[in-house]
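Here is a short walk through one structure. Take the sheet to begin with, then a pair of helices.

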Amino acid sequence: MMEKIPAFVAVDLETTGLEFEKDEIIEVALVRFENGAPVENVDYLVRPSSAKLRPFIESLTGISNADVAGAEEFAGIAGKVSAFIGDMPLVAHNAAFDSRFLKSAMEKVGIPLDNPVWDSLTLSRIAYQDVPNHRLDTLTQVLNIERSRAHRALPDADACGKLFVMAYEKIRALDPWLVGALTRIAAHTDWEKLFGTAPEGELAEPALALRAGDAPAGAVVASKAPRVDAFFKEGGLLLKTVENFKARPNQQEFASCVERNLYKGGICVLEAPTGSGKSLAYLVAAANKAVAGERVVLSTATHALQEQLIGHDIPQIAPLYDGKLKACVLKGRDNYLCVRKLMEILNAPSTLLSAEERDSFMALLPWAVTTGKGDIGECNSFSCARNRVLWSKLASTAASCLGEKCKYHAVCPALRAKREAVASNLLLVNHSLFLADLALDFALLPAYEHVVFDEAHRLPELSNQSFGRHVSFFRFRNVAKTLVPPKGVPGGLLAEIEKRIPAENDAAHAECTQLAADIGEAEKALHRFFMKIGKKLSKQKVGKGELIYRNGIAADFEADPKNVLDQFELAKSRANSLAEMLAGVTGLDGLLRDFSGRMEELSRFASDFEFLVKAGRDGWVFYMEEPFNPHTIKIHAVPLRSGDIWKEKFYPWVKSATFTSATLAVQGDLSYYAGRMGMSELETKRPFLKAFGEVFASDERRTVQVARYLPKPSTPEFGDALNETLVQVLPDVEENTMVLFTSISAMMKAQAALAPVFAAKGKLLLCQHVDGALDGLIAMFRKSRGACLLGCQSLWEGVDFPGDALKLLVVTKLPFPNPSDPLVAGISADLKAKGENVFKSYYIPEAYMELRQGLGRLLRTENDSGKVLILDNRVVTEAYGKTFARIWNMKHVTANSVDDVKKFVS
């Protein structure tokens with residue numbers, strides 16, 4: 001068990017970047033801790049041998065090129081570092097980075113570094129489950145750990161060591177069962193030296209916080225609510241519960257439109273600008289219908305909006321319904337913990353967890369014991385995105401569920417969530433779950449009569465993804481390695497099953513061995529198949545747009561999928577045979593269900609693979625991504641007209657559906673959106689379309705300039721001319737600026753041109769894909785003033801910079817769809833075959849809506865103001881440019897030189 005904390009050395013590095021192969025250490029700090037307190041430290045600046053400090057690194061760390069110019073190279077300090085560390089364990093925050101960087105640097109100068117490594121990040125995730133994140137900056141503030149400054153090695157190493165000690169002491173004081181479980185997971189790892197030796201035998205049952213969720217005794221009695229006018233009028237009902245509520249005619253009219261659609265039935269598309277109060281408007285209309293006895297589903301694209309509705313808006317209006325409004329959030333089943341799987345892993349961690357999964361599992365364990373809902377979204381200590389395979393071993397799925405035979409059936413989080421959804425009359429889901437339900441013929445959600453979609457502008461793109469089919473090598477491998485780990489790595493589900501088979505059952509043992517071999521052969525066959533495609537394409541000069549295939553992969557790329565499919569079938573047949581052999585063997589029920597679930601996943605992969613390699617289907621586009629590397633290749637099939645699926649499967653039977661967002665219209669016309677969503681050709685339920693005007697005039701708070709003097713974006717000289725303007729203008733802007741690009745390559749070239757100029761002025765330049773994770777860049781940008789953020793793709797929408805956080809928005813090019821994108825090319829060919837003008841009917845509407853999204857980053861509240869600089873002269877030189885200029889009501893000034901731009905932004 002855990003004893004008094006041993007001595008250790010806390011380490012922190014500053015480096016020229018994040019890539020081990022090309023970046024170098026520029027500062028090393030070491031702090032020795034004994035009896036939980038710092039007793040000695042050293043701090044060395046290091047001169048990089050070749051890499052020069054980027055301006056971002058200088059700004060982040062405060063270390064300049066001048067500072068390191070007179071320092072020793074790493075070889076000169078390596079011996080001192082080694083002597084200071086000795087044989088003590090190393091502690092670092094996100095130790096995988098610091099320890100690997102340090103070990104690599106030491107090996108280059110011939111000094112081995114094999115000390116045990118403990119991660120204060122892992123320990124803090126175990127100990128402090130309720131903090132919003134586990135960055136060192138956050139934890140030092142929350143725990144009041146003194147630190148003279150952030151992002152310098154010595155203060156960070158000292159803070160890291162102190163955090164480690166505090167987290168260790170907190171864990172020691174946890175529930176004994178939990179400490180014992182952590183000790184069991186730590187066995188045979190570096191953590192064992194800290195947690196002690198695990199006790200023998202099966203782990204006792206934990207005292208879970210999960211409780212059985214009972215369905216209500218009877219259905220909620222339907223009641224009639226007042227009309228929405230009674231809520232939104234002057235002195236209306238909302239005045240009682242909504243703080244600072246003011247009656248707004250537009251909001252009341254919007255609510256009336258939703259109400260009319262809910263009661264009369266049909267399809268309704270409503271655009272309402274940001275700040276118009278549309279969420280409260282549709283919420284009241286939906287709540288009125290819900291308490292009247294018909295379930296309403298509210299579907300959103302983002303977690304943030306869902307949280308706003310369930311955590312803020314619904315609690316405000318709920319008192320007006322006397323307990324009759326039953327609202328709940330339902331997520332996909334795989335968001336919920338399976339307690340049986342948790343206990344299986346706790347009793348066999350050495351086979352069911354890989355070495356890389358131990359730290360993340362330990363961080364998740366305190367939540368698993370204390371959660372009341374079992375929704376992984378509650379757990380701040382665990383990232384599903386970074387731990388997909390591990391979470392798949394713990395998540396509830398229909399294929400791996402024992403149902404009422406499961407000893408944890410009564411406290412099953414997924415079952416409880418489903419019961420709550422069935423008992424609700426107002427159900428909140430995200431678009432992904434809604435679309436998955438639609439794709440599976442309504443197998444996931446309880447029956448409903450009405451749906452309101454907010455953030456509906458995301459539905460066309462998400463529909464393509466959801467209704468499409470996709471395979472990759474790693475989709476197969478991530479399932480296969482849970483059954484049979486890569487060669488040379490012990491463990492896996494199949495190995496654990498075999499351990500529990502009676503020794504005398506030779507046939508079953510032999511079948512396990514052969515199945516492991518069959519799965520390995522299937523993986524090899526898939527790898528060879530993708531290798532063959534890569535070799536074929538490497539002999540040709542192939543661009544992205546040429547990766548579309550139509551007649552099947554065997555015909556187009558001479559790669560025969562037969563061997564892959566045959567190996568899948570062989571493994572599937574042997575798996576069925578093994579399952580029959582083991583039916584009834586004591587102690588295997590749960591593991592066999594998990595095994596069955598994994599084989600079902602592989603069967604779905606095989607089905608999708610067969611569909612994709614055969615191709616040749618009308619109305620679909622088949623294409624490949626990154627085909628030159630068998631590990632990264634992805635094969636996709638996407639319907640060209642996902643709206644047809646809505647038309648066939650959804651509109652005919654739903655009583656009412658309301659689609660709303662701030663950006664659905666093209667020049668005030670919603671027919672383009674209606675067409676993409678399959679509404680235009682409905683014979684019944686013709687959609688009602690309405691775009692509401694702005695609540696507060698944007699033109700009075702937003703000024704726009706369009707640069708006429710630059711070359712057209714289609715010309716070769718545009719890129720250099722654009723960067724020249726950016727270099728001459730942006731470094732002198734005193735307020736926060738965001739520059740939006742339509743391609744990563746253009747953004748990277750701009751970053752390379754701007755970086756030295758910003759560095760010379762001591763100003764902060766941030767760039768997506770260059771300077772770290774997007775969340776961190778956004779947070780740093782919001783806190784800064786006079787900073788510049790370069791972004792593309794995800795920064796065009798879904799990010800808010802209210803107030804002074806953004807005052808100048810630069811749009812480098814009109815965001816037309818990329819013609820080489822396979823889906824864009826497929827849609828274009830389809831429209832052209834119908835005799836349509838592709839540019840007018842597709843490219844312009846798509847760019848128009850994307851530009852509106854981008855401009856929406858500037859004005860988020862009625863108090864926001866700022867400037868927009870458009871560097872694409874097509875807005876003022878091409879006839880179609882007026883279409884885009886109407887977004888700002890043609891109220892722009894024209895720049896005829898860079899001096900005009902300088903005056904505008906000053």
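Two strands pair if DSSP finds at least two bridges between them. Helices (H or I, at least four residues) and strands (E, at least two) are DSSP runs, numbered from the N terminus. This is a predicted model, in which local features need pLDDT of at least 70, side-chain atom pairs count only at pLDDT 80 or more, and totals for chains, interfaces and linings use all residues. Residues are numbered from 1 along each chain as its sequence is written, and side-chain values use heavy atoms, leaving out hydrogens and water.

Start with strand 2, residues 25-34. Eight bridges join strand 2 to strand 3, and the two run antiparallel. Within this pair, V31 stands opposite N41 of strand 3.

Now widen the view. The open sheet has five strands, in the order 3-2-1-4-5, with mixed pairing. Strand 3 (37-45) and strand 5 (117-119) stand at the edges; each has a single partner strand, so one side of each lacks a neighbour in the sheet. From one strand to the next, the twist averages 25°.

Move on to the helices. Helix 33 (residues 822-833) packs with helix 34 (residues 838-855) at an angle of about 150°, their axes 10 Å apart. Axes are lines fitted to C-alpha atoms, for helices over the stretch in contact (heavy atoms within 4.5 Å). Angles run from 0 to 180 degrees between N-to-C directions. Helix 33 is therefore roughly antiparallel to helix 34, a term for angles over 145 degrees.

Which residues meet? V824, I827, S828, L831 and K832 in helix 33 meet V838, S841, Y842 and Y843 in helix 34.

Key:
Parallel < 35°, antiparallel > 145°, perpendicular 65-115°, else oblique.
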